[in-house]
Amino acid sequence: MGKRLMGVLCILAAVFCFLYCAAVFLLRSGSRFYLVWAAGGICLTVFAGMLHFGLWDKAPGLLRRTFCLLMAAGILLFAIVEGCIVSRYHDEGKADLDYIIVLGAQMKEKGPSAVLKFRLDKAYEYLTANENTVCIVSGGQGRNEPCSEAEGMYQYLTGRGIEPERIVKEDQSTDTSENIAYSAALIGDLDSRVGIVTNNFHVFRGVSLAKAAGFRDVCGISARSNVYLQLNNMVREFFGVMKDFVFGNFL
């Protein structure tokens, strides 16, 4: 591929990154991950500038080859992880589970965030269809939240008619690995049949963490997510999977 064409493609990709960063910010995704898109746009712009002014050609050959090798390895790793994420995208779970665990997400002053509401609506759908299943709502209270995620989820589900005695609150966890670990401690019996309720892009990690926690019969229950934020969610989830892998949470 010619340097001119490569430079043009980098500029176009950078423009996309900057525009998508602004879109995710305006859509209020609930985190600052949108800044990654800005960083990507800056890196692509710098690389295009290096191509245009001939600085790339002046770099040592070994450095250029190492950079290209690392980029290829990174793209391959990204494709493998995203394939694993997509493989759980449409999980529907099993009927008559002993427990479902609803993984927490941001609570706002006016109620559950859109991401969390999708999870709760899926949990409500499952609980109304499987009347003997107990629901664990899992999530602590962040600095920008009016109450614990568990309390907010409890209020939402009971407000829609789910019996309070069917809902157990786990309100100490701060991330997905703790959601699973603390919920497992409440359940106690790792032979229980358990479903993990979360958004489609998050099911793979939730189920993997549940298996690592020792559950022998676990499945995913996939809730939908905001289509406009899906690219952001999928890229962010890649880093979430890699973090849990590096810290040994999948072992």
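Which residues is valine 137 in contact with, leaving aside its neighbours within four places in sequence? The views below start from the whole chain and return to this residue.

**View 1. The whole protein chain, a predicted model.** The chain holds nine helices and seven strands. Helices (H or I, at least four residues) and strands (E, at least two) are DSSP runs, numbered from the N terminus. The C-alpha trace spans about 70 × 35 × 30 Å along its principal axes. Of the 251 residues, 43% count as buried (under 20% relative accessible area, with exposed over 50% and partly exposed in between; 1.4 Å probe, protein chains only). Residues are numbered from 1 along each chain as its sequence is written, and side-chain values use heavy atoms, without hydrogens or water. Local features need pLDDT of at least 70, side-chain atom pairs count only at pLDDT 80 or more, and totals for chains, interfaces and linings use all residues.

**View 2. The largest nonpolar core and valine 137.** A nonpolar core is a set of buried Ala, Val, Leu, Ile, Met, Phe, Trp, Tyr and Cys residues joined through side-chain atoms within 4.5 Å. Two or more residues come from each of β1 (99-103), α5 (114-129), β4 (134-138), α6 (149-159) and β7 (217-223). Beyond its neighbours within four places in sequence, valine 137 is in contact (heavy atoms within 4.5 Å) with Val102, Ala150, Met153, Tyr154, Leu157, Ile167, Val168, Lys169 and Glu170. Another core, of 14 residues, lies apart from the largest one. Its members include Ile101, Ile180, Val194 and Phe215.

**View 3. Helix α8 (residues 203-212) against helix α9 (residues 230-246).** The two helices pack at an angle of about 15°, with their axes 10 Å apart. Axes are lines fitted to C-alpha atoms, for helices over the stretch in contact, and angles run from 0 to 180 degrees between N-to-C directions. α8 and α9 are therefore roughly parallel (under 35 degrees; over 145 is roughly antiparallel, 65 to 115 roughly perpendicular, the rest oblique). Phe204, Arg205 and Leu209 in α8 meet Glu237, Gly240, Val241 and Asp244 in α9. These contact residues divide into three nonpolar, one polar and three charged. Here Asp, Glu, Lys and Arg count as charged, Ala, Val, Leu, Ile, Met, Phe, Trp, Tyr, Cys and Pro as nonpolar, and the others, Gly among them, as polar.

**View 4. Helix α1 (residues 3-26) across α9.** Their axes come within 10 Å and cross at roughly 100°. That makes α1 roughly perpendicular to α9. Phe16, Tyr20 and Val24 in α1 meet Gln230, Leu231 and Asn232 in α9. This contact has four nonpolar residues, two polar and no charged.
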